Amino acid sequence: MKGVIARYRKFLPITDETPIVSLQEGDTPLLRAYNLEKKFNFPFQLYLKYEGTNPTGSFKDRGMTVAISKAVEKKAKFVICASTGNTSASASAYAVRAGLISLVVIPEGAIALGKLSQALLHGARVVAVKGNFDDALKIVRQICEKFPVELVNSINPNRIEGQKTAAFEIIDALGRAPDYHAMPVGNAGNITAYWKGFKEYSVVRPVLLGFQAEGAAPIVKGKPIKNPQTIATAIKIGNPASWKKAEAARDESGGVIDTVTDEEILISYKAIAQCEGLFVEPASAATVAGLIKYTKKGFFKDATKETIVTGTLTGHGLKDPDRAIAESQKPPVAEPTLEDVVEKLKI
Ligand SMILES: *Cc1c(COP(=O)(O)O)cnc(C)c1O
């Protein structure tokens, strides 16, 4: 069955009256990361949930199929979101499919190129505000109080419902829950969703390991960050909407939420691409960066090769091509001759 609503309908708030709006999201790969295990001496089996293969290139589609379906059921005409990019890409695509108008508020200059191009080409009405994501979300919430528009940020519980299906898929693929699950934390909807999913689907549950960027780590620091900074724009959030729920997920699972630096994120970003053939956006690399940090700290000292750790790679690398280019060598230019091309290829 294609699409998360078709696959997991009985776990979702879907009724006979709900028109299903789907782009056949979900069913993403869960790949054993043998090369990363070796490179970083992980004392466990690592499986990566590659969410970049979703229709708009991030896990947001899992939540959006439910949120947009419910918006259509409520006869909404407009949907609105504040976004660091991927929510807007997803909302705009699903809105088109449903015949809705998509309104998007983004922080000016802080959106990766691929994400902005998606929202624009899908015909969303996009406004860039001179502020950060938290400012954008505040304005969007105020708009929702004044105008008949449907909010599709992850504060909308239907988003969480849809996103929990990633946890279902992990358990279905492994035949059991993992021992640990690692993921990035931004607005903290997704860690909330995974925990809900693991709880609903299995009595045995993983320990959750959430990672925020050092310069945008309000949950770790215990206070909102006024001016969050990180190259991982998808988690550049100073005051997460699902803060309390993320803390509950952390505590109920016996897990942690901790920081990784931009430098650690970039090392993992390259390693994931160069060891496993998986092109992810920087925020996704926080997952592996955190596992490297925690392995070095001795956190996994009781792990064996039977221990299963899963990690979410939240979005596709093509979302942020500028970063990929910035982290790479510029290709040499050769004369159009066999000799010069062979020389430059260093064969
Ligand atoms: C949205 C997003 C995140 C952060 O998820 P939250 O639910 O906001 O914590 C991480 N990575 C990518 C690629 C995202 O699009």
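The structure is a predicted model, and its chain contains 15 helices and 10 strands. The radius of gyration is 20 Å, close to the 20 Å that the globule rule gives for 347 residues, so the chain is as compact as a globular protein of that length.

**The chain as a whole**

- Along its principal axes, the C-alpha trace of the chain spans about 60 × 55 × 45 Å.
- Of the 347 residues in the chain, 57% count as buried, while the chain exposes about 15400 Å², of which carbon and sulfur atoms supply 55%.

**The open sheet**

- An open sheet is formed by 6 strands, which follow the order β1-β2-β10-β7-β8-β9 with mixed pairing.
- The edges are taken by β1 (30-32) and β9 (256-260), and each of them has a single partner strand, so one side of each is left without a neighbour in the sheet.
- Neighbouring strands of this sheet are turned by 25° against each other on average, when direction is ignored.

**Inside the sheet and across it**

- Strand β7 (residues 180-184) and strand β8 (residues 207-213) run parallel and are joined by 5 bridges; in one of these pairings, tyrosine 180 has valine 207 in β8 as its bridge partner.
- Helix α13 (residues 282-296) lies across β2 (45-50), β7, β8, β9 and β10 (308-313), and this helix runs at about 105° to β9.

Definitions and conventions: Residues are numbered from 1 along each chain as its sequence is written. This is a predicted model: local features need pLDDT of at least 70, side-chain atom pairs count only at pLDDT 80 or more; totals for chains, interfaces and linings use all residues. Side-chain values use heavy atoms; hydrogens and water are left out. Two strands pair if DSSP finds at least two bridges between them. Helices (H or I, at least four residues) and strands (E, at least two) are DSSP runs, numbered from the N terminus. Axes are lines fitted to C-alpha atoms, for helices over the stretch in contact, and angles run from 0 to 180 degrees between N-to-C directions. Contact means heavy atoms within 4.5 Å. The radius of gyration is taken over C-alpha atoms; the globule rule is 2.2 Å times the number of residues to the power 0.38. Buried means under 20% relative accessible area, exposed over 50%, partly exposed in between (1.4 Å probe, protein chains only). Accessible areas come from the Shrake-Rupley method with a 1.4 Å probe; for residues, only the protein chains shown count as cover.
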